[in-house]
Amino acid sequence: MIFISHDLGVVQHISHRIAVMKDGVIVESGSVESVFDAPRSEYTRKLLDALPRLPSPSNRK
């Protein structure tokens, strides 16, 4: 199945493999773990940096 989404948080939870596209061109692909843990493309890094994150327990007040 191919699932197309701009929501990488959802993609991370339902996919085994991912391809990141920019302007209709695949800029990076691989397992979800490899792309999320060590993105090679600057575009992928920017997309991942844009994901909302909960503060870590040590930073909560």
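**Note on the predicted model**

1. The mean positions of the 8 positive and 7 negative charges of the protein chain lie 5 Å apart. Lys and Arg count as positive, Asp and Glu as negative, with His and the chain ends not counted; each charge is placed at NZ of Lys, CZ of Arg, CG of Asp or CD of Glu.

2. This is a predicted model, in which local features need pLDDT of at least 70 and side-chain atom pairs count only at pLDDT 80 or more, while totals for chains, interfaces and linings use all residues. Residues are numbered from 1 along each chain as its sequence is written, and side-chain values use heavy atoms, with hydrogens and water left out.

3. The protein chain has 3 helices and 2 strands, in the order α-β-β-α-α along the sequence. Helices (H or I, at least four residues) and strands (E, at least two) are DSSP runs, numbered from the N terminus. The C-alpha trace spans about 45 × 25 × 20 Å along its principal axes.

4. Of the 61 residues in the protein chain, 26% are buried (under 20% relative accessible area; exposed is over 50%, partly exposed in between; 1.4 Å probe, protein chains only).

5. F3, V10 and I14 make a nonpolar surface patch of about 260 Å². Patch residues have over 30% relative accessible area and no salt bridge; like charges are joined within 9 Å, nonpolar side chains (Val, Leu, Ile, Met, Phe, Trp, Tyr) within 5 Å. A salt bridge is a side-chain nitrogen of Lys or Arg within 4 Å of a carboxyl oxygen of Asp or Glu. Areas come from the Shrake-Rupley method with a 1.4 Å probe; for residues, only the protein chains shown count as cover.

6. F3 lies in the segment before α1 (8-14). F3 counts as partly exposed because its relative accessibility is 42%.
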